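Hi,

Here's the structure I said I'd pass along. Have a look at it first, and then read on for what turned up.

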Amino acid sequence: MAVRDGVVAWIGRDDVARVQFPDAKITDLDGGFVAPAFVDCHFHTTATGLTLTGLDLRQARSRKECLQLVAEYARTHPDGVVWGHGWDETLWPERTAPTTADLDAALGDRPAYLTRVDVHSAAASTALRHRAELHTADPQAPLTADDHHRVRRAARAARAALSATQRDRARRAALDAAAAAGIAAVHECAGPDVSGLDDWRELRDLDHGVQVVGYWGEAVTTADDARDLLRSTGAHGLAGDLFVDGSLGSHTAWLHEPYCDAPETSGNSYLDIDAVTGHLAACTEAGITAGFHVIGDAAVTTVVTALQRVVDRFGSVAVARCGHRLEHLEMVTAEQAALLGRWGVIASVQPGFDALWGGEDGMYAQRLGPARARELNPFALLASQGVPLALGSDSPVTDLNPWAGVRAATAHHTPGSAISARAAFAAATRGAWRAGGVRDGVTGTLVPGAPATYAVWDADEFEVTAPADAVQRWSTDPRSRVPVLPALHDQFPRCRQTVHRGVTVHG
């Protein structure tokens, strides 16, 4: 592969290349596997960096171990708010979340904010609850919905005591980790209820080799408002984590039917049909990408109904031209998928969710029962209806490992919902660039004229595969010369180098 000025200039046989480019600098990759670099389509940079450099509770395998990690972190970090992430009580033998009393016993009068793995609820100490001026019905339970947003703002204010150097170190740690995972670009899902405007502006101005494509999740009502908000934030679109609902793990995803393990609730609705329609209409008129965080089936129905209203007003071509996107889209019917495909709406999905929470005994089944749980994250259905797919991690919710995402998409817990490794890889590269508005037909591939954005991997085994329960549409015979991908059975490829537009960002 010959690269000139950050662009792939030529691909072909080595002996021909040496004749065509006699003065080129030659790098022998010594058997390395070269492929387009990944793009993570749903990312939270500062939160990822703080998890990497701070209190990561995803490793806790019991409530007791979680509290031990909190106490140990507090001893070695004696100042400021204790900010942790990642506890998941559905994986613990106790199946109970940490309480306010638990945190007070471990930390005394110190403020603490510990997000659940899905970041839609959090345990908070009494000191932080007082700062947020909370008066909840249950002062011991984790906080959700508006109370969670309120305590998160109080925690952010406490975290603001971190120096600019500390905040910069956390963000660089996140983007360095992305580059080391073969990721050349991330889609930052920011918003007033996520990380705040100051955090987004600091990230936007950060000089790093990994490209940050920012989305701002705040609803508007007119095209002028949409243009003004896009201009003032410097975001790429008004999409990402604009919450229509919450998450299944926190019982805040908006459902048509109640939760099996919490029959008193059907989740939360944060935007009604008129607000969703107004935002979509304003952005479509302005030619701006809109989108929402949408998980529960009632939330999906609301968004699809709103999209139909906007299509009736502006036409399907105008809607498709904007590249509107839906984050997560876990509970979608065949009829809804067909409409989304017809309207060119992009599904930004996270295969790691099924890997973590799918299966007969997983969190999905605990929350919804096995029958409803089997209908979640239907990647094959979406692809079959022409819905463009883009893969992401929602880091720090799931690990920053794009090959793990590819494997999870091919090894879905529900028969018939998996896609092939080739389709998953395309959704994590070419499809992800398309979701970010790059529609030149070559970005995310390695062909002459494409940006030289690639990764070099050490991999031991290669194969051409399709899901075991799907019809293969290509030959797996090596003589067919169908491009191979690394086998993802026992271990993942190791990233040797990541290059973005001809510039090495890792290795």
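Let's begin with Thr429, which sits in the loop between helix H19 (421-427) and helix H20 (430-435). Keep in mind as you read that this is a predicted model. Thr429 counts as buried because its relative accessibility is 1%, and the cut-off for buried is under 20%. As for what surrounds Thr429, leaving out residues up to four places away in sequence, it touches Pro36, Ala37, Phe38, Val39 and Gly444.

Next, the nonpolar cores. The largest one has 77 residues, and helix H11 (residues 297-314) gives the most to it, with eight residues. Which residues have the most contacts inside this core? They are Leu238, Phe292, Leu329, Leu340 and Leu382. I looked at Leu382 in more detail: setting aside its neighbours within four places in sequence, Leu382 is in contact with Leu329, Val332, Ala337, Ala347, Val349, Val387 and Leu389.

Last, the start of the chain numbering. Strand S1 (residues 2-4) and strand S2 (residues 7-10) run antiparallel and are joined by three bridges. Ala2 is opposite Trp10 in S2. The two strands make a hairpin with two residues between them, and Asp5 in that turn has a positive phi of about 55°.

Cheers

Notes:
Residues numbered from 1 in each chain as written. Predicted model: local features only at pLDDT ≥ 70, side-chain atom pairs only at ≥ 80, totals over all residues. Heavy atoms only, no water. Core = buried A, V, L, I, M, F, W, Y, C linked by side-chain atoms within 4.5 Å. Buried < 20%, exposed > 50% of the residue type's maximum accessible area, 1.4 Å probe, protein only. Helix = DSSP H or I, 4+ residues; strand = E, 2+ residues; numbered from the N terminus. Contact = heavy atoms within 4.5 Å. Pairing = 2+ DSSP bridges.
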